[in-house]
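Work through the following exercises with the structure open beside you, and try each task before you read its solution.

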There are 2 protein chains.
Amino acid sequence: MVSAPLTAERPGTDSKERLRLWIRLLRASRSIESELRERLKRDFGSTLPRFDVMAALYRETGGMAMTDLSRFLLVSNGNVTGIVDRLVADGYVARSKREGDRRTSIVRLTAAGREIFARMAEAHEAWVDELLAGVGEMEARELSSKLKAFRSDWEG
Amino acid sequence: MVSAPLTAERPGTDSKERLRLWIRLLRASRSIESELRERLKRDFGSTLPRFDVMAALYRETGGMAMTDLSRFLLVSNGNVTGIVDRLVADGYVARSKREGDRRTSIVRLTAAGREIFARMAEAHEAWVDELLAGVGEMEARELSSKLKAFRSDWEG
DNA sequence: CGCAGATATTTCAAGTATGAAATTTTAATG
DNA sequence: CATTAAAATTTCATACTTGAAATATCTGCG
């Protein structure tokens, strides 16, 4: 939901303020996401989900199992299958089998994938820097740690 | 992208810190969104996009044009068409024409829609309150205003 | 060994999501 | 008044997304 609180306030609760925070959070991330998606498409003919997958694989040089990938990206496993399929078709990702366990399939970036991704990551970082230009380093650090904190409250 | 900074740091920039902030922001909103989606489905057999549309229409008693709806929700107009179609099929939303302009179609909640939505909104607010329980009112207020601020920097 | 249960992945149906093209209607201008 | 540009929606192709069901494989226990 991307609007303002709608129900009547009960006394003794901060729920309205938290709701407002959530809405702002959501709107902020949606606007930024949408801007990044647009630029990724314009400059690289790619998408955000593809970027996410490649980013995860970029740092895991040895490759990742599909399950680990989906857990890390916070998306369903069925979802990752499709995105990886398309990346494989484009020659940016390769699948392989793990010794001793034929269930697990390890995916990793190809040389072409690493090369392309390095360029995308550089642009991406500059874009984020531009889009969040209004946030100073100190402030970014603060916000960052608060966001980290309130998430770990209800997740493991 | 939902991981940590990947490229080398240039001296004299806060870009790494901003990138980290963006990643945290994204991960936070994704986790919360996913939890809310699950509960909305479990308790009401509904979805987040439907909730968003209904929330917008709930406050605009007179109804909204499709374009205004899509602009407000930050999603494409083609997208809104489909969601509204399904809400209409369920009897929660009605379309009507505006006097004098046959292009514009005004959509509004039906009585059934208002009734259902009121219950969903109440549950939704309680969920958000629960999920953000770690954030005090003061802190929520602070975070909120910072989020609002850094968005308006690059959007109109 | 044999087989119930756990794991890893894919497949599938349904619902989002975007951006571009097509439609329909209105407004503006010569 | 006719034509052209603008505006509001819908349609369409493609990609993403989830959650559940189907497959295939592995593990542990009797």
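**Exercise 1: Contacts with the DNA backbone**

In this predicted model, a polar backbone atom of Ser105(A) lies 2.8 Å from a phosphate oxygen of DNA strand C. Find which side chains also place an N or O atom by a phosphate oxygen of DNA strand C, and at what distances.

Solution. Begin in chain A, where an N or O atom in the side chain of Arg95(A) is 2.8 Å from a phosphate oxygen of DNA strand C. Finally, look at the part of the DNA involved: of the atoms of DNA strand C that come within 4 Å of the protein, 79% belong to sugar and phosphate.

**Exercise 2: The surface near DNA strand C**

Describe which residues come nearest to DNA strand C, which element gives the largest share of the surface, and how the residues of this surface divide by class.

Solution. First, there are 26 residues around DNA strand C, and those that come nearest are Thr67(A), Arg95(A), Ser105(A), Thr47(B) and Ser76(B). Next, assign the surface to elements: at least two residues each are supplied by helix H1 (15-44), H3, H4 and strand S3 (101-109) of chain A, and by helix H2 (48-59), H4 and strand S3 (101-109) of chain B. The largest share, four residues, is that of H4(B). Last, sort the residues by class, which gives eleven polar, nine charged and six nonpolar.

**Exercise 3: Two helices of chain B**

Decide whether H3(B) and H4(B) are roughly parallel or roughly perpendicular, and name the residues through which they meet.

Solution. Start with the geometry: the axes of H3(B) and H4(B) are 9 Å apart, and the helices pack at an angle of about 110 degrees. Because angles from 65 to 115 degrees count as roughly perpendicular, H3(B) is roughly perpendicular to H4(B). Then list the contact, in which Met66(B), Leu69(B) and Ser70(B) of H3(B) meet Asn77(B), Val80(B), Thr81(B) and Val84(B) of H4(B). By class, this contact of H3(B) with H4(B) holds four nonpolar and three polar residues, and no charged ones.

Notes: Residues are numbered from 1 along each chain as its sequence is written. Chains are lettered from A and ligands numbered from 1 in the order in which they are written. This is a predicted model: local features need pLDDT of at least 70, side-chain atom pairs count only at pLDDT 80 or more; totals for chains, interfaces and linings use all residues. Side-chain values use heavy atoms; hydrogens and water are left out. A residue is near a molecule or strand if one of its heavy atoms lies within 4 Å of it. A polar contact is a pair of N or O atoms within 3.5 Å; within protein, one must be able to donate a hydrogen and the other to accept it, and residues adjacent in sequence count only if both atoms are side-chain atoms. Ala, Val, Leu, Ile, Met, Phe, Trp, Tyr, Cys and Pro count as nonpolar, Asp, Glu, Lys and Arg as charged, and the others, Gly among them, as polar. Axes are lines fitted to C-alpha atoms, for helices over the stretch in contact, and angles run from 0 to 180 degrees between N-to-C directions. Angles under 35 degrees count as roughly parallel, over 145 as roughly antiparallel, 65 to 115 as roughly perpendicular and the rest as oblique. Contact means heavy atoms within 4.5 Å.
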